[in-house]
Amino acid sequence: MAALHSTAFCLGGVALSSRQELCFRRGNVKASTFSCPPLVSIPRLSFQSKAFGGDGSPETKDSSLVVCFGEMLIDFVPTISGLSLSDAPAFKKAPGGAPANVAVGIARLGGSSAFIGKEFPEFIRHNKFIWHPLSTNIRPRHSCYLKVGEDEFGYMLAEILKENNVNNEGMRFDPGARTALAFVTLRSDGEREFMFYRNPSADMLLQEAELDVDLIRKAKIFHYGSISLITEPCKSAHIAAAKVAKDAGVVLSYDPNLRLPLWPSAESAREGILSIWDTADIIKISEEEISFLTKGEDPYDDAVVQKLFHPNLKLLLVTEGPEGCRYYTKEFSGRVKGLKVDAVDTTGAGDAFVAGILSQLAKDLSLLQNEDRLREALKFANACGALTVKERGAIPALPTREAVNSAIIQLVG
């Protein structure tokens, strides 16, 4: 998620420019301190769900399609862990963005998925000019000038979705903003921090009029994060899309995916994330996000977690990295152990987990009412996350169903 504008940061000899001020600390790259448009205050929304009957049982819907809404971007992941961004000798380009990761993850597992978002279209080349996708400058080979047109990353991302059997009919292309970029620093244990180039990036400019509402209505599950709530017009598009889904009897799945540096302030992030909390049927959060949303309370205390369980929620999932996950419904709760692997890069692990559980719920929502079957589904989702951390980058590392089943047999038995 990132906009290219103007400072002097160099990647392989190519200057990246940005109006944002970038903050660096030796050994720890902080996200940019650019000014974000203020969060537009919205009261907490509450839509009436038609996906479940009055007794809480799921309504039948023939579709098993999962539509994912939000951002898709390019992650630049260092080839060596444990170094600061400025010390990393090289980066691996990897497509990412949490909702897109989930869409690809579901398709890799043999499910049906689609992506709705906005990218910057491909550059129109001219034989008299040399253009590099990481530079904001057009450099003529002769004394000529070319108007900036399109950026190659947008169509590259669309093609990646297509190659992975994700329906990309809901993608839109914007000629006025660039595709987002994120530079990722990896600690030696595989954990990471992000520095984003956006403001604005194309994903922030999706408008309500550009939504493919027919695609949304066809879905069994509509999945989204919170990054699309940060600025207009994407915020209004997000809220409108969720209402279309809810009105059509689609299950709403929410992973806040907190990226605090992208918000104007911590308080605006907390308010924005919670503004749509009560509309979701399924919510997945991490331990860190629980602490953030509850202003520092203990994420391992069930009483604290229960504060986040709203009356219409069907399933609350708390991911704990290699330790596995916790699950909460109105009828039961518990913990499912994770798979222990050597982590290389944890980017996309939570998204792989979400893909794992949504791919199964899309086929059979009655899992929500059977604890034993839900636990098996969560064991599968844990394995999806574990396999993803063994490689660098999010989408490149997402596993197939065969790989997940094999890992469960070998590591769990």
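Of the 413 residues of the protein, 58% count as buried, where buried denotes under 20% relative accessible area, exposed over 50% and partly exposed the range in between, with a 1.4 Å probe and protein chains only. The model is a predicted one, in which local features need pLDDT of at least 70 and side-chain atom pairs count only at pLDDT 80 or more, whereas totals for chains, interfaces and linings use all residues. Residues are numbered from 1 along each chain as its sequence is written, and side-chain values use heavy atoms, with hydrogens and water left out. The secondary structure comprises 10 helices and 19 strands, taken as DSSP runs numbered from the N terminus (helices: H or I, at least four residues; strands: E, at least two). Among contacts (heavy atoms within 4.5 Å) with a separation of 6 or more, 72% are accounted for by residues 24 or more positions apart.

Helix α5, which spans residues 266-275, is mostly covered, as seven of its 10 residues are buried. These buried residues are S268, A269, R270, G272, I273, L274 and S275, and what covers them includes β15 (251-254) and α6 (287-293). One of these residues, I273, is in contact with S226, which, neighbours within four places in sequence left aside, also contacts Y254, D255, P256, N257 and W263. S226 is placed in the loop between β14 (221-224) and α4 (234-247) and is buried, with a relative accessible area of 1%. The side chain of S226 reaches the backbone oxygen of P256 at 2.6 Å, a polar contact being a pair of N or O atoms within 3.5 Å of which, within protein, one must be able to donate a hydrogen and the other to accept it, and residues adjacent in sequence counting only if both atoms are side-chain atoms.

Most residues other than glycine have a negative phi, and most peptide bonds are trans. A cis peptide bond, with omega of about 5°, joins E232 and P233, and P233 lies in the loop between β14 and α4. N257, although not a glycine, has a positive phi of about 50°; N257 is placed in the loop between β15 and α5 and is buried at a relative accessible area of 11%. Phi of K295, likewise a residue other than glycine, is positive and near 60°. K295 is placed in the loop between α6 and α7 (302-306) and is exposed, with a relative accessible area of 59%. In helix α6 itself lies E288, which is exposed at 55% relative accessible area and whose side chain makes a polar contact with that of S286 (3.2 Å).

Four cavities of 30 Å³ or more were counted, a cavity being a set of points, on a 1 Å grid over the protein atoms alone, where a 1.4 Å probe fits but cannot get out, and lining residues having an atom within 4 Å of a point. The largest cavity holds about 50 Å³ of space, the volume being that filled by probe spheres set on the points, which are joined across faces, edges and corners. Its lining is formed by G70, E71, R198, D203, M204, I227, S228, I230, T231 and C234. C234 is buried at 4% relative accessibility, as is C384 at 1%. The structure holds zero disulfides, defined as pairs of cysteine sulfur atoms within 2.5 Å.

Methods: On a 1 Å grid over the protein atoms alone, a cavity is a set of points where a 1.4 Å probe fits but cannot get out, and a pocket is an open set with protein on both sides within 12 Å along at least five of seven lines; lining residues have an atom within 4 Å of a point.
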